[in-house]
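Hi there,

Here is the structure I promised to pass on. Have a look at it first, and then read on for what turned up.

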Amino acid sequence: IREEEKKILNRMEKHLQEIQDNLNSILNKVKSLQELLDLKDNVSFLKEEAGCKMRVRDEAKSLSVVDGALPIERFDNPFMLNTVLRETIDVIKQVSITLDVETAHPQLKVSDDRKWVRWTGTQRSLPDNRKRFTGSPCVLGSEG
């Protein structure tokens, strides 16, 4: 049993090191993004970053659960899944937002009250401005 415990601890330490390496990589990416943000105006920065194909999560390796070390949760019972979702939703802070119509991608329709957005799937003819997202289906919003 002690030998099996040692193996599990070694694998867990290896995975912990991989997680730490991923965290350091993410922190470095955040630092470089902050430096870029300080050099550019917010709209230009967001347009460039939204157009990037690579995301931090694309670089991350998938880590598997060490066999027998941790239980894998399955929600075969819809009641349990609903309970977990309900608890998760309680943690999420809901805020009111106002969307910026001038930045909405041509395939996004912003509501008249500017509180929600819908994917239309068709390219609408809208006045082109330097604020509008054209490469990615994005829209800027602010709290309030």
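Accessible areas here come from the Shrake-Rupley method with a 1.4 Å probe. On that basis the protein exposes about 11,800 Å², and carbon and sulfur atoms supply 56% of that area. Of its 144 residues, 14% count as buried. Please keep in mind that this is a predicted model.

The overall layout first. The protein has four helices and four strands, and from the N terminus they run α-α-α-α-β-β-β-β. Among contacts between residues at least 6 apart in sequence, 57% join residues at least 24 apart.

Now for confidence. The average pLDDT is 76, with 68% of the residues scoring at least 70. Among the elements, β2 has the highest mean pLDDT (91), while helix α3 (residues 56–59) has the lowest (46). Over residues 54–72 the pLDDT is below 50, although this stretch has 21 contacts in the model beyond near neighbours in sequence. Where pLDDT is low, the predicted coordinates should not be read in detail.

The residue I would show you next is Thr-103. It is found in the loop between β1 (97–99) and β2 (108–110). Is Thr-103 buried or exposed? Its relative accessibility is 0%, so Thr-103 counts as buried. A polar atom of its side chain lies 2.9 Å from the backbone oxygen of Asp-100. Leaving aside neighbours within four places in sequence, Thr-103 is in contact with Lys-131, Arg-132, Phe-133, Cys-138, Val-139 and Leu-140. As for Asp-128, it is 25 residues from Thr-103 in sequence, and their C-alpha atoms are 9.7 Å apart.

Lys-131 comes up again among the charged pairs. Side chains of opposite charge can pair when their charged atoms come close, and a search of the whole structure finds two salt bridges. In one of them, the side chains of Lys-131 and Glu-102 meet at 3.4 Å, N to O. This pair links distant parts of the chain, 29 residues apart: Glu-102 is in the loop between β1 and β2, and Lys-131 is in the loop between β3 (117–119) and β4 (141–143). Lys-131 is partly exposed, at 32% relative accessible area, and Glu-102 is partly exposed too, at 41%.

Glu-4 forms a salt bridge with Arg-11, with the closest N and O atoms 3.9 Å apart. Here Glu-4 is partly exposed at 39%, and Arg-11 is partly exposed at 31%.

Best wishes

Definitions and conventions
Residues numbered from 1 in each chain as written. Predicted model: local features only at pLDDT ≥ 70, side-chain atom pairs only at ≥ 80, totals over all residues. Heavy atoms only, no water. Helix = DSSP H or I, 4+ residues; strand = E, 2+ residues; numbered from the N terminus. Buried < 20%, exposed > 50% of the residue type's maximum accessible area, 1.4 Å probe, protein only. Contact = heavy atoms within 4.5 Å. Polar contact = N/O pair within 3.5 Å; in protein donor to acceptor, adjacent residues only side chain to side chain. pLDDT = per-residue confidence, 0-100. Salt bridge = Lys/Arg side-chain N within 4 Å of Asp/Glu carboxyl O.
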